[in-house]
Amino acid sequence: MRKLPTVPGCVLRQPLEACLPVDGLVSNRREGIGVCGWILVSISFLLVLITFPISIWACIKVVREYERAVVFRLGRILSKKAKGPGLILILPCTDTFIKIDLRTVTCNIPPQEILTKDAVTTQVDGVVYYRIHSAVCAVANVNNVHSATFLLAQTTLRNVLGTQTLAQLLAGREEIAHSIQAMLDSATEQWGIKVARVEIKDVRIPVAMQRVMAAEAEATREARAKVVAAEGEMNASKALKQASMVLAESPAGLQLRYLQTLTTVAAENNSTIVFPLPINLLDGFGQKNRGG
C-alpha cells in the first residue's frame with residue numbers, strides 16, 4: 001500500500017460532507033488481464049484458501065471515511081471507481097492499492113515577484129484550497145497531483161497578475177482571485193482536482209513606490225480641500241452681498257447689527273470696546289451749534 005506524497009506548505013484539513021467523491025472514468029476500454037493473469041489470480045486465490053483463516057488478515061484492508069482506495073490487479077486498475085470507505089478485500093500476491101485522501105488541502109503559494117502591466121515590481125502571495133474528487137484520475141493521470149497543483153497555482157498566479165495594473169491589483173482582489181480559481185479548476189479537472197477557493201493574501205510594493213503613492217494621495221487631498229475652501233468663500237461672498245443689500249434698504253437695521261455684534265463681543269471677551277458712532281448723528285449736532 002502506498003500513499004500519495006504531499007508538498008511542503010500543504011496542510012490537510014478536516015473533511016466536509018460536501019467533499020464526497022465523484023470518481024471519474026479513466027478510460028472506456030475494457031481489456032482483460034490475459035490467460036497468464038487469470039492463472040496467477042487463480043493461484044493467489046488458492047493460496048488464500050489453503051492458508052485460511054490466517055491469510056484473511058492480509059486480504060482485509062480498512063479505508064477511512066475521508067479516504068478512497070485505488071486497487072491495481074497485476075498493474076491494471078481493477079475498477080473505474082475507487083473503493084471505500086470501510087473494509088475492502090484484496091489478493092495479497094496480485095493486488096496492490098493506493099490510498100487517496102479526499103480532505104481539503106490548503107496550499108500556501110510563496111511570495112511571487114511579479115511585473116505588473118504598468119511596469120511596477122510587486123511581490124504577491126496567496127493560498128489555494130482544493131480537494132481530490134476523483135481518486136482514480138488523481139492516480140492514473142498525473143504522477144504527483146499535489147506537486148502538480150502547487151506548481152500550476154504559482155504559474156497561474158504570475159500569469160494572471162502580469163496582465164493587471166497596480167491599481168487593478170489593489171482594488172480588484174476578489175475578481176482576480178475568481179479568475180485564477182476558474183483557470184486552475186479548468187486545468188486540473190482531468191487530474192480529479194476540484195479547486196474550492198483562491199485567496200490573495202498580501203501585495204508588497206517597493207518603499208519608493210509607497211512614498212510616491214502617499215505623495216500623490218496627499219496632493220489629491222490638498223486639491224480637494226482647496227476646491228472646498230473656494231466653494232465656501234464663493235457661497236459666503238454671495239451671502240454677504242445679499243446681507244448688504246438688505247441693510248442698505250434699512251439704515252436702522254445696520255445700527256441693530258452693531259448692537260448685536262457688541263453684545264456678542266462683550267459676552268466672549270472682557271476688553272475695551274470702541275463703539276462706532278454714526279456720522280449722521282454728528283451732522284445733527286453740528287447743525288444745532290450753527291443755529292444757536
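Is E67 buried or exposed? E67 is buried, with a relative accessible area of 4%. Here "buried" means under 20% relative accessible area, "exposed" means over 50%, and "partly exposed" is in between (1.4 Å probe, protein chains only).

Before we go on, a word about what you're looking at. This is a predicted model, where local features need pLDDT of at least 70, side-chain atom pairs count only at pLDDT 80 or more, and totals for chains, interfaces and linings use all residues. Residues are numbered from 1 along each chain as its sequence is written, and side-chain values use heavy atoms, with hydrogens and water left out.

Let's take in the whole chain. The protein chain has 9 helices and 10 strands; these are DSSP runs numbered from the N terminus, with helices being H or I of at least four residues and strands being E of at least two. Of its 292 residues, 31% are buried. Now think about contacts, meaning heavy atoms within 4.5 Å. If you take those between residues at least 6 apart in sequence, 73% join residues at least 24 apart.

Next, follow the chain to residues 35-58. An unreviewed UniProt entry annotates this stretch as "transmembrane region", though such annotations may be inferred rather than shown by experiment. In the model, the stretch is 79% helix and 0% strand, and its end C-alpha atoms are 25 Å apart.

Now for the charged side chains. Side chains of opposite charge can pair when their charged atoms come close. A salt bridge here is a side-chain nitrogen of Lys or Arg within 4 Å of a carboxyl oxygen of Asp or Glu, and the count comes to 7. One of them involves K194, which is partly exposed at 35% relative accessibility, and D185, which is buried at 19%. Their side chains meet at 2.9 Å, N to O. Elsewhere, salt bridges that share partners join R64, E67 and K99 into one network.

Let's look around that network. R64 pairs with our opening residue, E67, with the closest N and O atoms 3.4 Å apart. R64 counts as partly exposed because its relative accessibility is 40%. K99 sits in strand β7, which runs over residues 95-101, and with 12% relative accessibility it counts as buried. A polar atom of the K99 side chain also lies 2.9 Å from the backbone oxygen of V62.

Finally, what about the cysteines? A disulfide is a pair of cysteine sulfur atoms within 2.5 Å, and by this rule the count is 0. Take C93: its sulfur is 8.7 Å from the closest cysteine sulfur, in C59, so the two are too far apart for a bond. C93 counts as exposed, at 58% relative accessibility, whereas C107 is buried, with a relative accessible area of 2%.

Terms used: Polar contact = N/O pair within 3.5 Å; in protein donor to acceptor, adjacent residues only side chain to side chain.
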